[in-house]
Amino acid sequence: MSEGSDPILVVGGGAAGLMAAITAARCAPAAEVIVIDGARRLGAKILISGGGRCNVTNRIVTARDFNGGASRVIARVLRALPVDETVRFFEELGVTLHEEPHGKLFPDSNRAATVLEALLGAAASAGIRLQHPRRATQIAPAAGGFLVTTDDGPLRARRVVLASGGMSVPKTGSDGGGYAMARELGHEIVLPTPALAPLILDGTFHQPMSGVSHPVEVTLRSPGVPRRRITGDLLWTHFGASGPAPLDLSRHWHRAAIDGRPASVDLSFRPGERFEAIDEHLIREAAARPRASIATVLAVRLPASVAAQILVALELDPTVTMAHLAREDRRRLSHALTAWPLPIAGSRGFNYAEATAGGVSLDEIEPATMESRVCPGLYLAGEVLDVDGRLGGFNFQWAWASGYVAGRGVTRH
């Protein structure tokens, strides 16, 4: 691409957009690369992610860690930029990473700002022009490329990378505007819903346990789809439930709701164990510790406040000894510990969601380049696509990988 040609324009200055721009500028040093974004401050979602530390990626990432579009497409994109190469990319920018539980990789500085500053530094070094706040409102095919309408006048571009994000945390600039632009260009949009969002629960069972966290297993059942079982920590809150397991579950609950499928969710306080195992354990405890109270026995494997609340809800006297626990009550307790109904009323929505489920269908994307099959010359990356990962750095890895493929693809012509 010659220096005098129209620029490569990246719409969106988040993780995927910055990666696409940096890659494009490195692949085509003579090309002019411009990034526009409606936010006053670029990378706001990077800054707030991971509790302000930015969970850059995960040690092991496969297509099975994602929902949404065709897994074969996701797998191909992920192979283009494996985790090891992502780690190397950031090391070259001066950001070294360390591993934490569940394979999460964080910057050694434990500051998300370190990641953003490195990306912005790489963009500056590559000669990329960052224009913000400058919001794109329409992308229209024009002779030799595209005419992009913005709130600060039109821009011509030979090719466009659409990396405008989804709808999660709209205050960062992800307000879904990219979906409207993609739809105008002929793309199908899979209806967006929140993903990785805290759950709102009916009733008051959760309220006395607010602030308490422990391991659980949640199971969602809905007609016509396979049972979804998720293991991880749950954090009880004043409004319901947060933490890894509820967050990962939220997208599946929302998808069932928009499909009009009834969904029920059970919670196991003893992940990996079934009714029979729990019941046998309580029988053994009664024989070994007949004078111990049921509250004491439960609190061995559960936080005391959780054990107490379960007994209150079951109307079981916490001072009753194991020797005097009736068979019927023991079995009720065993069932409650493995299949407690979780009365989900909804989630806290896009304002609190960490990702978006839904977006531009992957069936309309060429996975080798991220180029649109509907609108040649348009490339898409990141959360604007119908891909969402589970908690643990997976959504960032999708952003880096899809941005990398798009940035490389946009320079191939």
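This is a predicted model: local features need pLDDT of at least 70, side-chain atom pairs count only at pLDDT 80 or more; totals for chains, interfaces and linings use all residues.
A residue is called buried here when its relative accessible area is under 20%. Eleven of the 13 residues of helix 1 are buried, namely Ala15, Ala16, Gly17, Leu18, Met19, Ala20, Ala21, Ile22, Thr23, Ala24 and Ala25.

The cysteines may be considered next. Cysteine 27 has a relative accessible area of 42% and is therefore partly exposed, whereas cysteine 375, at 7%, is buried. Zero disulfides are found in a search of the whole structure.

Because phenylalanine 66 belongs to strand 4 and phenylalanine 394 to helix 12, the pair ties together parts that are 328 residues apart in sequence. Both of these phenylalanines are buried.

Phenylalanine 205 and tryptophan 236 also form an edge-to-face pair, since their centres are 5.8 Å apart and their planes stand at 80°. Phenylalanine 205 lies in the loop between strand 13 and strand 14, and tryptophan 236 in strand 15, 31 residues apart. Phenylalanine 205 counts as buried at 17% relative accessibility, as does tryptophan 236 at 1%. Elsewhere, ring pairs link Phe89, Phe90, Phe396 and Trp400 into a cluster.

Arginines also lie over aromatic faces. Arginine 53 is placed over phenylalanine 106, at 3.9 Å from the ring centre, and arginine 348 lies over the face of tyrosine 352, at 3.9 Å from the ring centre.

Technical notes:
Residues are numbered from 1 along each chain as its sequence is written. Side-chain values use heavy atoms; hydrogens and water are left out. A disulfide is a pair of cysteine sulfur atoms within 2.5 Å. Buried means under 20% relative accessible area, exposed over 50%, partly exposed in between (1.4 Å probe, protein chains only). Helices (H or I, at least four residues) and strands (E, at least two) are DSSP runs, numbered from the N terminus. Rings of Phe, Tyr and Trp (its six-membered ring) pair if their centres lie within 6.5 Å; planes under 30 degrees apart count as stacked, over 60 as edge-to-face and the rest as tilted. A charge sits over a ring if NZ of Lys or CZ of Arg is within 6 Å of the ring centre and within 35 degrees of the ring normal.
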